Each structure stands twice: as C-alpha cells, then as structure tokens.
Amino acid sequence: MASPSTTILALAIALACAATAANARFTAMQWTLAHATFYGDETAAETMGGACGYGNLYATGYGTDTAALSTTLFKDGYGCGTCYQIRCAGSPWCYRGSPAITVTATNLCPPNWAQDSNNGGWCNPPRTHFDLSKPAFMRMAQWRAGIVPVMYRRVPCVRRRGLRFALQGNPYWLLAYVMNVAGAGDVAEMSVRSGRGAWVRMSHNWGASFQAFAQLGGRALSFKVTSYTTRQTVVAANVAPANWCLGLTYQARVNFS
C-alpha cells in the first residue's frame, strides 16, 4: 500500500502534467511597438509565393491578409504561419479608431544593408517590422503614408479543418510543406511514417517545409508535427493514402488548439 507522501507526490506530478498540457494552448501575447510598410499593389499579386513556400495564397487559404516579417520575427522560417493582430498607432495616417487587422506570416522581408535601418532599411536586424500586403495595410491606414508606427501582438491562428501537407520531391526524397496550422501557427519539428513503419525524423528545409531522405512510397503517410512556440505535438495519421502522389496536397483531420 502506498504511503501518504507517495500518493501526494504522484498527485502533484499528475497535476503538473495536466497543467503542462493545458498550457500548450496558445494565447494572445502583449501589445508591442513596431512599424509597418506594404509591398505590391491592390491585387496583392507580389505577395503570392513567398519565402514560406505557401504558393498561391488564395488557393492555400491565406488570401491577402498576410505579412512579410523582418529577420527578427521570421526566425529562419520558423516564424512562418504565425498570426499577428496589428493596429496603426500615433500617426495622422491612421484611420479613426485605429482598427486592428489580423495577418498571417507568409514571407520574409529581407535586410537592406545599403540603407540605414531608420531610413529605408526597415527590415534590418534587430528591427521588428511588418511588410504587409497593400490590401491589409489599407484596412488600418492610408497607403500614402508608406510607413506607420504600429502596435502588434501574436494571436492564436484560427483555421478551418485540419493541417494540410503539400508533397514534393522524388522517390528518394520527400519535401512536405505544412499549412493551415492553427494555434501558435508555427512548426518546429516533423516526422513522417510510411504505413506501420518507424517514424523518420524530418529536417527543416526552409520556410514551412521539412524533408526526409527516404523511400516512403506505396504506403499511407502519417505525420507527427510539433509547434515551435508551445511544443504541443499532434499526430496526423494516414493523411495521404497508399497511392499518394507528389504534387498533391492532403488534409488531416487534426490541428493544434
């Protein structure tokens, strides 16, 4: 029979584990000062594609509510998919009431070392900067401003349905772009399993893509995905059927909270 002290210790451990699981849910962060510009025109054609590898942003569900992040926020691609609430602040170009917009990180705003960080080199490290699509910028400030001070905060990404995996590569190399990520929106680690085989750890390629150098064809594919921010892990079992093909996108039934 367990002693009272042993029982109390076990209960404490169980409560700690429960608290850790509960804390995996991503919640909005504090408001912080930054600046925002825009690129492209009203069609947002120049925002398509981008360093995260999401391709046609209309087809992948991101639309024009997107932003290119400065290096500090992009984090070598681990910032892809994160969501931000942004409002123009302290500028005569701001719209009345400083309406807030919500955008998803889909691209990198690269440094411009030929220009001063306070005069054109807006995305130079260590600056925190958002280069928005023009349609997104125009919903919080007048576009003629060019650049405005903003308040921003990370917020949970609200997504419909499950994670999506766009597959590329060849018979010996699988490249998977993970999209439609809810919760914190970001991905730190991925593993893939073919059929009932062992999990194969995938390495980060760039942006929102992860790769595995293995022959995985002929059996259903499952993916194990871990969030960069919360460290929460979800398993998307049998996302792609046994006859899966490169060049297609497959949707899971699970997502982050």
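Predicted model: local features only at pLDDT ≥ 70, side-chain atom pairs only at ≥ 80, totals over all residues.
1. A pocket, as the word is used here, is an open set of grid points with protein on both sides within 12 Å along at least five of seven lines.

2. Start with the largest pocket, which has a volume of about 150 Å³. Its lining counts 13 residues, and those closest to the pocket's centre are G53, A166, Q168, M179 and T249.

3. Where does the largest pocket lie? Both domain 1 (32-154) and domain 2 (163-252) contribute residues to the lining, so the pocket sits between them.

4. Now for the strands. β7 (164-170) and β8 (173-179) each provide at least two residues of this pocket's lining, and β7 gives the largest share, with three residues. Sorted by class, the lining of the largest pocket comprises seven nonpolar and six polar residues, with no charged ones.

5. The largest cavity holds about 60 Å³. Among the residues lining the largest cavity are Y54, Y78, C80, V178, D186, H204 and F210.

6. Finally, a word on annotation. An unreviewed UniProt entry lists residues 172-252 as "domain: Expansin-like CBD". Across residues 172-252, the chain is 51% strand and 0% helix, and 23 Å separates the end C-alpha atoms.

How values were computed: Residues numbered from 1 in each chain as written. Heavy atoms only, no water. UniProt positions renumbered as here; feature names shortened; annotations may be inferred. Helix = DSSP H or I, 4+ residues; strand = E, 2+ residues; numbered from the N terminus. 1 Å grid on protein atoms, 1.4 Å probe; cavity = no way out; pocket = protein on both sides within 12 Å on 5 of 7 lines; lining within 4 Å. Points joined across faces, edges and corners; volume = space filled by probe spheres on them. Nonpolar A, V, L, I, M, F, W, Y, C, P; charged D, E, K, R; others polar. Domains from an automatic or database assignment.
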